[in-house]
2 protein chains.
Amino acid sequence: MNLEPSTRESVAEMLRTRGITPTHQRIEIALVLLEKRWHPSADQILAAVNVRCAETSKATVYNTLKLFLDKGLVRELIVDPNKVFYDSNTSVHHHFYDVVSGEITDIAAAGVRVDGLPPLPAGMVPAGIDIIVRTRPGL
Amino acid sequence: MNLEPSTRESVAEMLRTRGITPTHQRIEIALVLLEKRWHPSADQILAAVNVRCAETSKATVYNTLKLFLDKGLVRELIVDPNKVFYDSNTSVHHHFYDVVSGEITDIAAAGVRVDGLPPLPAGMVPAGIDIIVRTRPGL
DNA sequence: TTGGAACCTGGACTTTGTCTAATTGGATTT
DNA sequence: AAATCCAATTAGACAAAGTCCAGGTTCCAA
């Protein structure tokens, strides 16, 4: 998903076009994902949604993220087994992960392009592709 | 690590050259990692070590894997937050993950080469780079 | 033989995510 | 409006993977 000044109504519309019933909770979660250029974890999303106003349960956040994943609305960034983030920018791009700050930034945002991803064996299609370059400062 | 017909003694030797005290448990774990072309999980390693003979605790397996990681003896393959595997082949190569069988195979083994990995921003060095292409059969 | 350092251990604990049974909300029917 | 229905949501119990810790071994050196 990649729309700009998102209102509750524009988000509801987008969900409908993807075949997702736009419930209150789903709209709030989508708004949180879109509200700034960030890569929140499930935990951060839960916290952000509940700060806004809406009471939303952990189960719903996980259900909704899985739904959005299935429908291609978000991408899952697995930096480490216990560091999983969600990216509402689903266009093909890659990420730097800063070991020190724990933050993720788009490689595109750092002015870098990537080419030459490998072809797949016959009969297989990608279910997900990503490069995460884990970095640490200095040597 | 990449030696061929590994004996307990040749493994001990290799560990020593890397500055690792070759304890009984570490040798057993290294042997398990080297014994065939596979990509075991921590659990599988624990099971395999304890089948062989040696009683080894979960904590030791995790400690040892972390140590081997630090020393560059193994690579960690994170397919999914709950699917983490270890690869004793530390040369630069990439992997296919088969969603159906749950197995990992080297991309090199499938006759594919990868070029064009992205440069890093100034002041950063990679702590780990990998591409995992998750696949599912057919369309 | 004693002391100390590195290593190993079992088990409790934490974290992240999943499951389930009960409840809610809201659209549709009567 | 009342009744009905079903997808969506919920709280909280549960599971899996990994971490932590306090005590126990092993081994080497003095």
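This is a predicted model: local features need pLDDT of at least 70, side-chain atom pairs count only at pLDDT 80 or more; totals for chains, interfaces and linings use all residues.
## Around DNA strand C

Helices supply much of the named surface. Three elements each give at least two residues: α4 (58-70) of chain A, plus α2 (24-34) and α4 (58-70) of chain B. The most comes from α4(A), with four residues.

## Which part of the strand meets the protein

Take the atoms of DNA strand C within 4 Å of the protein. Sugar or phosphate accounts for 71% of them, and bases make up the rest.

Side chains of chain B make polar contacts here. A polar side-chain atom of Arg26(B) sits 3.1 Å from one phosphate oxygen. For Thr21(B), an N or O atom of the side chain is 3.3 Å from a phosphate oxygen.

Gln25(B) has another kind of partner on DNA strand C. An N or O atom in the side chain of Gln25(B) lies 2.8 Å from a sugar or linking oxygen.

## Chain A as a whole

Chain A contains four helices and five strands. The order is plain: α-α-α-α-β-β-β-β-β along the sequence.

Chain A has 139 residues, and 42% of them count as buried. Its accessible surface is about 7400 Å², with 51% belonging to carbon and sulfur atoms. Among contacts in chain A with a separation of 6 or more, 47% link residues 24 or more positions apart.

Key: Residues are numbered from 1 along each chain as its sequence is written. Chains are lettered from A and ligands numbered from 1 in the order in which they are written. Side-chain values use heavy atoms; hydrogens and water are left out. Buried means under 20% relative accessible area, exposed over 50%, partly exposed in between (1.4 Å probe, protein chains only). Contact means heavy atoms within 4.5 Å. Accessible areas come from the Shrake-Rupley method with a 1.4 Å probe; for residues, only the protein chains shown count as cover. A residue is near a molecule or strand if one of its heavy atoms lies within 4 Å of it. A polar contact is a pair of N or O atoms within 3.5 Å; within protein, one must be able to donate a hydrogen and the other to accept it, and residues adjacent in sequence count only if both atoms are side-chain atoms.
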